[in-house]
Amino acid sequence: MPAPYSYDLRRKALAAVKHGERKSAVCRMLNISRNTLDLWLKREAQTGDCRAITT
């Protein structure tokens, strides 16, 4: 299983979206998929944080 993205990268991506950057531009800039960014945004909305789920 691949390692999760760093928490720092997740925070940078979410901060960029919150500051008005387009999601597609953020994804290209950070080399992540749009689905990944959407999942991070959803997780933050549900739990208040975007940390990776560890089991």
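Tutor: Let's start with a cut-off: a residue counts as exposed when its relative accessible area is over 50%. Keep in mind that this is a predicted model.

Student: Then why is Asn31 called exposed?
Tutor: Its relative accessible area is 65%, and the cut-off for exposed is over 50%, so Asn31 is exposed. Asn31 sits in the loop between α2 and α3.

Student: What makes phi of Asn31 worth a remark?
Tutor: Phi of Asn31 is near 60°, which is a positive value in a residue other than glycine.

Student: How do you know whether Met29 is buried or exposed?
Tutor: We use the cut-off again. Met29 has a relative accessible area of 56%, and exposed means over 50%, so Met29 is exposed. Met29 belongs to helix α2. Between the C-alpha atoms of Met29 and Glu44 there are 21 Å in space, with 15 residues of separation in sequence.

Student: Lys23 has another label. Why is Lys23 called partly exposed?
Tutor: Buried needs a value under 20% and exposed a value over 50%, with partly exposed in between. Lys23 has 29%, so the label is partly exposed. Lys23 is in helix α2.

Student: Which residues does Lys23 touch, leaving aside neighbours within four places in sequence?
Tutor: Lys23 is in contact with Val17, Arg34, Leu37, Asp38 and Leu41. For one of these, Asp38, the C-alpha separation from Lys23 is 8.6 Å, and the two are 15 residues apart along the chain.

Student: Let's turn to the helices. How does one describe two that are packed together?
Tutor: Two packed helices are described by the angle between their axes and the distance between the axes.

Student: Why are α1 and α2 called roughly antiparallel?
Tutor: Helix α1 covers residues 7–18 and helix α2 residues 23–30, and they pack at an angle of about 150° with axes 9 Å apart. An angle over 145 degrees counts as roughly antiparallel, so α1 and α2 are roughly antiparallel to each other. Their crossing is right-handed.

Student: Which residues meet there?
Tutor: From α1 come Leu9, Ala13, Ala16 and Val17, and they meet Lys23, Val26 and Leu30 of α2. By class, this contact has 6 nonpolar, no polar and 1 charged residues.

Student: What makes α1 and α3 roughly perpendicular?
Tutor: Their axes cross at roughly 85° and come within 10 Å. The range for roughly perpendicular is 65 to 115 degrees, so α1 and α3 are roughly perpendicular to each other. In this contact, Leu9, Arg10, Ala13, Leu14, Val17 and Lys18 of α1 meet Leu37, Trp40, Leu41, Arg43 and Glu44 of α3. These residues divide into 7 nonpolar, no polar and 4 charged.

Student: How do you know what to call the pair α2 and α3?
Tutor: The axes of α2 and α3 cross at roughly 110° and come within 9 Å. That angle falls in the range of 65 to 115 degrees, so α2 is roughly perpendicular to α3. The contact joins Lys23, Ser24, Val26 and Cys27 of α2 with Arg34, Leu37, Asp38 and Leu41 of α3. Its classes are 4 nonpolar, 1 polar and 3 charged residues. The crossing of α2 past α3 is right-handed.

Student: What makes a set of residues a nonpolar core?
Tutor: The residues must be buried, of the listed kinds, and joined through side-chain atoms within 4.5 Å. The largest such core here has 11 residues, namely Leu9, Ala13, Leu14, Ala16, Val17, Val26, Cys27, Ile32, Leu37, Trp40 and Cys50. Two or more residues of this core come from each of α1, α2 and α3. Helix α1 gives the largest share, 5 residues.

Student: Which residues does Cys50 contact, apart from neighbours within four places in sequence?
Tutor: Cys50 is in contact with Tyr7, Arg10, Arg11, Leu14, Trp40, Arg43 and Glu44.

Terms used
Residues numbered from 1 in each chain as written. Predicted model: local features only at pLDDT ≥ 70, side-chain atom pairs only at ≥ 80, totals over all residues. Heavy atoms only, no water. Axes fitted to C-alpha atoms, helices over the stretch in contact; angles between N-to-C directions. Helix = DSSP H or I, 4+ residues; strand = E, 2+ residues; numbered from the N terminus. Parallel < 35°, antiparallel > 145°, perpendicular 65-115°, else oblique. Left-handed = near helix turned anticlockwise from the far one by under 90°. Contact = heavy atoms within 4.5 Å. Nonpolar A, V, L, I, M, F, W, Y, C, P; charged D, E, K, R; others polar. Buried < 20%, exposed > 50% of the residue type's maximum accessible area, 1.4 Å probe, protein only.
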